[in-house]
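Please keep the sequence and the structure at hand while reading.

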Amino acid sequence: MDAYARLTAGLISTGALGEGWRGAFARAPRSAFVPDTVWAPEDASPTGYRRITRGDAGAAWRELVDADGVVVTQLDDGVEGGPGMATSSASMPSLVATMLRHLDVADGHTVLDIGTGTGWTSALLAARLGDENVTTVEVDPRIAAEAAKRLKAAGFAPRCVVGDGLAGWSSGAPYDRIHSTAAVRRVPRAWIEQTRPGGIIVSPWGTPYANAGLLRLVAGDRGVESYGRFVDDVSFMWMRTQRPPRVTGPGTAPVHRTASVMDPDLALENVDVAFAIGLRVPGVRYVHTWDDADPQATYRMRLSDGEGSWASVAYQGWDSEDAVHQAGPKRLWDEITAARRWWLNHGSPELTRFGLTVATDGKQSLWLDNAAHVVG
């Protein structure tokens, strides 16, 4: 039994997937859908990745593909010479299994699969439900064409659409299930409108601060809000049009300097506090950087909100008078520390205690434990 077979057998035997998926994973192995050129993380590379080609490094390629890990299949939306941002991948098999379990499909269900990527998840759904019940949408024409070739070669023929996944695909609606492998910050109204009442939408959902939640949303009937919970900790690439803006500097605004009341390590102590901070301080994003004035001495967390507010805090000597720099209409680091206090005061809730309601007008409400306890 090869590594992939052992992995998928384990997912089924442990209950991560139902028995109905056993044949699907056997008929649609991930290796049949991963392109010949992939990228593996490498700190020494200027982009953070090294290229691995199946023909030149077959053993390394096979090791990546058979492991329970993400395989990066595109950088920088396919543009050469970019900074090295992963923009398409073959997802981790155990995570795919988690999402399919929460999708809770049954024989005869129709599924809209958002983000075709390599075509692997589309193939699994087609193997489980039949080609005629699966529609898959991909925004990148080149990726879509390559996926269609691999699907055909593997014996699958779901409906393949090139288009913006945020718009869904109304021609095949209504669907019993919608499954997305790209993260969103807002659930598109089109997804809810194209799902049967009581149908399920499963999608990665996040904030610029913490792209971390797996949302399982139940579509409401016409005139009724849709309601769901975050059921797991996941991290996926963003929908292209919902990618957060880059972290910016202070510009010309006066910089306010103070000590920090909190060790910045605590702002990223675990995924639960990061998720809560992202909900309480919407729009804020961070990067880690060395102080431009003294790159050998001060390592900082730098934050901005895309609306003119900026902050940075030093990791070493965080309680010194010059540790925190803030500028703009908001004091972002003060808001971060207040958000962590809120999380502690509410019992340090895990990510899975949060949920989301989408009103009929598309407005999102985030809550803790129940819809009456709105966050933010």
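Leaving aside its neighbours within four places in sequence, with which residues is Trp333 in contact? Contact means heavy atoms within 4.5 Å. On that basis, Trp333 touches Ser260, Met262, Pro264, Ala267, Met301, Leu303, Ala311, Val313, Val324 and Gln326.

The model is a predicted one, in which local features need pLDDT of at least 70 and side-chain atom pairs count only at pLDDT 80 or more, while totals for chains, interfaces and linings use all residues. Residues are numbered from 1 along each chain as its sequence is written, and side-chain values use heavy atoms, with hydrogens and water left out.

A nonpolar core is a set of buried Ala, Val, Leu, Ile, Met, Phe, Trp, Tyr and Cys residues joined through side-chain atoms within 4.5 Å. Buried means under 20% relative accessible area, exposed over 50%, and partly exposed in between, with a 1.4 Å probe and protein chains only. The largest nonpolar core has 52 residues, of which Trp205, Tyr209 and Trp333 touch the most other members. A second, separate core of 34 residues includes Leu17, Met99, Val134 and Val202.

Helices (H or I, at least four residues) and strands (E, at least two) are DSSP runs, numbered from the N terminus. Two strands pair if DSSP finds at least two bridges between them. Five strands form an open, antiparallel sheet in the order 12-16-15-14-13. Its edge strands, strand 12 (256–258) and strand 13, each pair on one side only. Neighbouring strands of this sheet are turned by 20° against each other on average, direction ignored.

Strand 13 (residues 285–290) and strand 14 (residues 299–304) run antiparallel and are joined by six bridges; here Tyr286 stands opposite Leu303 in strand 14. Strand 14 is joined in turn to strand 15 (residues 310–314) by five bridges, again antiparallel, and Leu303 has Ala311 as its bridge partner in strand 15. The hairpin of strand 14 and strand 15 has five residues between the strands, and in it Gly306 takes a positive phi near 75°. Strand 15 and strand 16 (residues 324–327) pair in the antiparallel sense over four bridges, with Gln326 of strand 16 as the bridge partner of Ala311. Helix 9 packs on this sheet, touching strand 14, strand 15 and strand 16, and its direction makes about 95° with that of strand 14. Axes are lines fitted to C-alpha atoms, for helices over the stretch in contact, and angles run from 0 to 180 degrees between N-to-C directions.

## Helix 8 and helix 9

Eight of the ten residues of helix 8 are buried, so the helix is largely enclosed by the rest of the structure. Among the buried residues are Phe275, Gly278 and Leu279. What covers the buried residues of helix 8 includes helix 9 as well as strand 9 and strand 10.

Helix 8 and helix 9 (residues 332–345) pack at an angle of about 120°, with their axes 9 Å apart. The two helices are therefore oblique to each other, a class that holds angles not under 35 degrees (roughly parallel), over 145 (roughly antiparallel) or 65 to 115 (roughly perpendicular). The contact involves Asp272, Val273, Ala276, Ile277 and Arg280 of helix 8 and Ile336, Ala339, Arg340, Trp342 and Trp343 of helix 9.

## Ser122 in helix 5

Ser122 lies in helix 5 (residues 120–129) and is buried, with a relative accessible area of 0%. Leaving aside its neighbours within four places in sequence, Ser122 is in contact with Asp113, Thr116, Val134, Thr136 and Leu151.
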